[in-house]
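Reader: I should like to work through this structure by question and answer. Could you please show it?

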Amino acid sequence: MTDTRQLCVMMAGASLSGMFTPNLWSGGPAPGQLYNFPASKTQHDSKTHTMYPSTSGTSVVGLVYDGGVMLAADTLGSYGSLARFRNINRVFKVTNKAVLACSGDIADYQFIREVIEQKVRDDEIHGYTPELNAGALHCWLTRVLYNRRSKFDPLWLESVVAGYKGDKPFLGFVDKIGTAFEAKEVATGFGVHLAIPMIREAREKGNLTKDTARKLLVDCLKVLYYRDCRAHFKYQLADITPEGITIHDDLDLKQDTSWEVANFIRGYD
Amino acid sequence: MALDMVMEPDYMRDPRKHHFSPYMENGGTSIAIAGDDFVMIASDTRLTRGFNILSREQEKVLPLTANTMMASSGCWADVLTLSKVLKDRITMYSHEHNETMPTTAVAQMLSTMLYWRRFFPYYVSNILAGLDEQGKGVVYHYDPVGHMEQLAFSATGASVAQIQPLLDNQAGALNMKDTTPPKITRDLARQLIHDAFISAAERDINTGDGVIVHTITKEGKTEETIKLRRD
């Protein structure tokens with residue numbers, strides 16, 4: 001198994017080198033070759049840390065409404081079935097035009113966040129004027145995640161990128177193998193099953209204003225809190241409009257929930 | 001596995017190991033039909049993951065040059081990567097040779113690029129359609145590791161089993177006695193693509209939502225959108 005895999009990766013990376021002409025940029029790869037992303041090993045030895053559960057976050061839900069993009073995720077870091085950390089922020093303002101939120105391995109998220117923060121600083125100090133926008137960040141993430149999966153050392157993430165690309169609202173998804181797409185509503189984890197149908201249904205009924213969008217998003221989180229055992233009542237919500245980004249931290253939906261019916265359930269005691 | 005779970009308390013068990021596969025099947029179906037002075041290439045717009053619909057409007061036909069287009073489906077992450085690299089190479093070719101890369105050259109290069117990943121393949125089914133140097137429509141079909149074949153018409157992707165026999169029968173007049181293949185006109189090609197996708201969407205959950213049909217002629221490219229069932 002290991003030998004085959006190493007052979008695969010070697011063929012994929014090494015056999016391409018030198019057969020084609022120039023690199024895409026100086027120090028970069030030739031097209032189709034693997035790029036050495038920061039902190040990844042050069043030898044293709046599989047690492048195991050992402051193959052084990054460590055602290056993980058559950059669903060992220062995002063939607064495009066009339067006049068902006070909204071995104072929400074709860075703040076729970078689960079350790080297996082243990083609700084280990086109850087105040088982990090995983091919605092991250094990258095620039096004034098892009099927000100990133102991730103579910104999956106929190107460690108991998110925090111790693112990629114640091115890399116992105118450094119990238120944004122580098123862009124700034126090198127006088128690269130256009131701010132990293134959501135489209136660019138999304139595209140960059142697809143390359144990084146695809147690159148890592150090709151080395152069999154994936155970043156165990158499902159990410160949602162929200163923001164603006166030029167003057168158009170942008171909402172995109174990338175997962176750990178590099179599957180990426182843009183959509184009007186995006187969710188990860190259980191949100192794909194529970195939240196997406198709710199948003200699609202609401203959209204069919206009429207336009208989503210800022211108010212209805214936020215109500216809808218909170219409704220989605222509430223359903224997720226009721227039904228997803230790894231979900232939590234504390235959450236963060238990001239609202240992105242052409243004017244800028246607002247991230248609401250420390251929101252709470254406990255007072256909106258009711259567990260009355262729990263008293264009527266029989267047969268599990 | 002199930003027995004272990006019952007026998008041992010969870011703190012006695014090894015940490016759960018997640019399975020990692022670098023591939024994923026994201027569905028998608030494509031058809032291309034060549035005529036004397038045109039070629040049509042179409043794909044559905046549904047992107048799936050298991051029983052989930054990730055997107056209802058994911059175009060899978062990619063413009064490569066002024067008269068070449070490629071339809072790809074399979075592992076969407078690989079589609080994105082392959083198409084990015086392919087487009088880069090075509091740009092590099094045009095800078096180096098100061099001319100647009102001809103369809104035949106793109107076709108050969110795609111095969112070569114796929115074969116270079118022979119032992120860690122792009123999990124992608126491709127059809128390439130375009131006009132050759134004489135302005136005649138050509139269709140190339142590929143397997144994931146670079147086998148290439150030039151054909152008059154072809155289907156690929158999730159619903160290939162539903163569509164290819166239909167095309168063989170209606171466009172190729174194959175497997176029948178005393179029949180001659182019809183002349184492939186634009187109307188016929190368009191009708192076949194339309195009917196094929198409607199039928200495939202009825203039977204295959206990985207195909208649906210919509211079809212975008214591209215037509216390439218000497219005059220340029222046009223596109224048409226057809227609705228499909230969304231359930």
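Reader: What span should helix H4 of chain A have, and how far apart are its end C-alpha atoms?

Author: This is a predicted model, in which local features need pLDDT of at least 70, side-chain atom pairs count only at pLDDT 80 or more, and totals for chains, interfaces and linings use all residues. Residues are numbered from 1 along each chain as its sequence is written, chains are lettered from A and ligands numbered from 1 in the order in which they are written, and side-chain values use heavy atoms, without hydrogens and water. Helices (DSSP runs of H or I, at least four residues) and strands (E, at least two) are numbered from the N terminus. The expected span is 1.5 Å times one less than the number of residues, so the 15 residues of H4(A), 191-205, should span 21 Å, and the end C-alpha atoms agree with this at 20 Å apart.

Reader: Why do the buried residues of H4(A) line one face of the helix?

Author: Buried means under 20% relative accessible area, exposed over 50%, and partly exposed in between (1.4 Å probe, protein chains only). The buried residues of H4(A) include Val192(A), Ala195(A), Ile196(A) and Ile199(A). An α-helix has 3.6 residues a turn, so residues three or four places apart point the same way. Taken as directions from the helix axis to the C-beta atoms, the buried residues of H4(A) line one face because they fall within an arc of 165°.

Reader: How are the rings of Tyr23(B) and Tyr123(B) arranged?

Author: Rings of Phe, Tyr and Trp (its six-membered ring) pair if their centres lie within 6.5 Å; planes under 30 degrees apart are stacked, over 60 edge-to-face, and the rest tilted. The structure holds nine such aromatic pairs over all chains. In this one the centres are 5.1 Å apart and the planes meet at 40°, so the pair is tilted.

Reader: How many residues apart are Tyr23(B) and Tyr123(B)?

Author: Tyr23(B) is in the loop between helix H1 and strand E1 of chain B, and Tyr123(B) is in the loop between helix H3 and strand E7 of that chain. The pair thus links distant parts of the chain, 100 residues apart.

Reader: How far from Cys102(A) is the nearest cysteine sulfur?

Author: A disulfide needs two cysteine sulfur atoms within 2.5 Å, and the structure holds zero disulfides. For Cys102(A), the nearest cysteine sulfur is that of Cys139(A), at 16 Å.
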